[in-house]
Amino acid sequence: MEEAPYICSAPIKYKYANDSNAKYKRTGKASIKFQLINQRADFSFALFSGGLSDPKLVAVSNPISFANPKAPLYPRLSQGKSWNEMTVTWTSGYNIIEAVSFVEWGLKGESQTRSPAGMLTFHRNSMCAPPARTVGWRDPGFIHTSFLKDLWPNSVYTYKLGHKLLNGSYVWSKSYSFKSSPFPGQDSLQRVIIFGDMGKAERDGSNEYSNYQPGSLNTTDQLIKDLKNIDIVFHIGDITYANGYISQWDQFTSQVEPIASTVPYMIASGNHERDTPNSGSFYDGNDSGGECGVLAETMFYVPAENRAKFWYSTDYGMFHFCIADSEHDWREGSEQYKFIEKCLASADRQKQPWLIFIAHRVLGYSSSYWKDGSFGEPMGRESLQGLWQKYKVDIAFFGHIHNYERTCPVYQGQCMNSEKSNYSGAVNGTINIVVGGGGSHLSKFGPIQTSWSLYKDSDFGFVKLTAFNHSYLLFEYKKSSDGKVYDSFTISRDYRDVLACVYDGCEPTTLGY
C-alpha cells in the first residue's frame, strides 16, 4: 500500500500476529520471526491492535542493537567512465568527520593498494514530496564511492571496504572479489543480464509499507545461482519500489549484495525513481513518492556526465550500450536526444558489433498499451526509431510493463525480416524487447494481435545475452521460477553486414572518383 500510514512514521516491516496463530485474538499468544539487517540504528518491536487502519499501540520491546551499527555494508559495483575503471559504492554510518573511507584492493594474491572514497548523503529537505519528506523519511546514512583505476583486463581483483577512525583504528568489511572488464572489442565470451521492475521482498514473509514485489526474490536467487556465468547486469528502472519509504533502499541493496558486489550492477532511471510533480520530470505523477531521483542518483553510481540526468553510455567488450532516461525529455531537439544520437554514432561496429539501446518506459513497441492504441510511447517511436534504424541498433530493451515481449526486427510498425529465431545478414530493423517482469506485479496483454509481436509471456523473468565472438550473439529469455529458457534467438553476421545499406539506413554516396 502506498497511502500514508496512520502512525507518525512508517514501520520498517510488519506482520499480522494472527497469521502465525489463528487463535491469537482469543488467546493473545503468537510467535513471529523477523530477519533484521543492519540499518545503522537500534530496532524495537511494537505491538499494535486495530490493524493498519486504526492502530493502537499495545507494547514496545526493548531496543535491539547490532555490534557495530555504523559498519560498511552492501557494496555495489559499477562500470566507471572508462573501460578499465570499476567503481565501488557502499553504505555506512561513518561521517567524513568521524573516519576516512577507502577501498583496499589489488590483483588476487598480490599486494594490495588503497584508493580514497568520496562521501555523499542527503536530508529530508532534499526530498520533493510526501511520503519521502514525511512518514517515509529515514536517515540514509553515508554513501561512499571509490574509483579503482587502471585495471588489467579480464583479471580477478579482491577488495574490502575500510574506514580509518580518528583514534587510528580501522573498521573493515569482509573481502569481496570481481573480474575486470575486457578491452573494448576483445573477442571473448561475454554474458549480459537485462531486466527491469524487480523491487524487493522479505525472506521472512513480512511486508513493507509500500508493499513487496512477488517475483523479486526468485529473480535475485536465479542470478545468484548462475553468477559464475554472468559478467554484467543491467536493472533498467523501477529499482526498489521504495516509493518514498527510504529504509527500503537498504533492504534492496542488502538483497542484491551477492550480485552487485561481484559484477557491475548498472541501473537506469524509471518512474518509481524519478517522477514527482513540479520537479522537472517529463511525466508529472508522484510514482517516486517524493524521492524525485535523489535516492537512485546517490545510492548507485552510473558513469553519466550529470547523475541528475540519468543518461549514459558504457562499453563491455564487444557490446556498446546507450542507456536513456525515459523520465526526462527524449524528443527530437532535446538535450537527451542529442546524447542518444552521439552515443549510437560513436559505436565502432568493427570492434563492438553489438549495439544495444536501453530505456525504462517503452519508447518502442509493446502490446500492453492496447487501451489507448499507442502500443508504447508514440512520441518515443516518432523521435527515436529513425535513429535506431540509421545507426542499426540490434536490440532495444524496455521495462515499465511487467511482462515479457519480443518483436520482429521492426521499423515504422512493419517487420523488416520474416525470420523469427535465426537472424543473419544486414541489420534491417531493431528487435524490441520488453523485459519488465523482474519482480513487480504482472501486467496483462491486450486483445489485439499485432503483426510485429513474436512472443509474449506474462510471467517473471529476465534476459541473458551471450556474445561468443564478433559474429555470433545468443539471446535467451529465462523465467525466474526455474531459470529455464522459454524464448531465444541468434544473430549471426559479418562486419560487412553491419555496413550494408538498408531502408533509411544508408550512408550517402557520390559518383565522383
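**View 1. Strand β20 runs parallel to strand β25 (residues 485–492), and three bridges join the two.** Within this pairing, asparagine 422 stands opposite threonine 490 of β25. Two strands are taken to pair if DSSP finds at least two bridges between them; helices (H or I, at least four residues) and strands (E, at least two) are DSSP runs, numbered from the N terminus. The model is a predicted one, in which local features need pLDDT of at least 70 and side-chain atom pairs count only at pLDDT 80 or more, whereas totals for chains, interfaces and linings use all residues. Residues are numbered from 1 along each chain as its sequence is written, and side-chain values use heavy atoms, with hydrogens and water left out.

**View 2. Seven strands form an open sheet of mixed pairing, in the order β13-β12-β11-β23-β24-β25-β20.** The edges are held by β13 (265–267) and β20 (422–424), each of which has a single partner strand, so one side of each is left without a neighbour in the sheet. On average, and with direction ignored, neighbouring strands of this sheet are turned by 20 degrees against each other. Helix α3 (residues 247–260) lies across β12 (232–235) and β13, and runs at about 130 degrees to β13. For these angles, axes are lines fitted to C-alpha atoms, for helices over the stretch in contact, and the values run from 0 to 180 degrees between N-to-C directions; contact means heavy atoms within 4.5 Å.

**View 3. Strand β8 (residues 156–165) pairs with strand β5 (residues 99–107) in the antiparallel sense over nine bridges.** In this pairing, the bridge partner of leucine 107 is tyrosine 157 in β8. Strand β8 is also joined by four bridges to strand β10 (residues 176–179), again in an antiparallel arrangement, with tyrosine 159 opposite tyrosine 176 of β10. A further antiparallel pairing, over three bridges, links β8 to strand β9 (residues 170–172), where tryptophan 172 in β9 is the bridge partner of glycine 162. The hairpin of β8 and β9 has four residues between its strands, and glycine 168 takes a positive phi near 90 degrees there.

**View 4. The largest pocket holds about 1,400 Å³ of space.** Its lining comprises 44 residues, and Lys13, Tyr14, Ala46, Leu47 and Phe48 lie nearest its centre. A pocket is found on a 1 Å grid over the protein atoms alone as an open set of points with protein on both sides within 12 Å along at least five of seven lines, a cavity is a set of points where a 1.4 Å probe fits but cannot get out, and lining residues have an atom within 4 Å of a point. Grid points are joined across faces, edges and corners, and a volume is the space filled by probe spheres set on the points. At least two lining residues of the largest pocket come from each of α1 (24–27), β1 (46–49) and β2 (56–60), and β1 gives the largest share, four residues. By class, this lining divides into 30 nonpolar, nine polar and five charged residues, where Ala, Val, Leu, Ile, Met, Phe, Trp, Tyr, Cys and Pro count as nonpolar, Asp, Glu, Lys and Arg as charged, and the others, Gly among them, as polar.

**View 5. The second largest pocket has a volume of about 440 Å³.** Of the 22 residues that line the second largest pocket, Pro303, Glu305, Tyr312, Ser313 and Phe339 lie nearest its centre. Both β14 (312–316) and α6 (335–345) supply at least two residues each to this lining, which divides into eight nonpolar, eight polar and six charged residues.

View 6. Among the 13 residues that line the largest cavity, Pro409, Tyr423, Ala426, Val427 and Asn428 are the closest to its centre. The lining of the largest cavity has six nonpolar, five polar and two charged residues. Over the whole structure, the search finds four cavities of 30 Å³ or more.

**View 7. Serine 279 is found in the loop between α4 (271–274) and α5 (294–299).** When neighbours within four places in sequence are left aside, serine 279 is in contact with Cys128, Arg274 and Cys292. The C-alpha atoms of serine 279 and cysteine 292 are separated by 6.8 Å, although the two residues are 13 residues apart along the chain.
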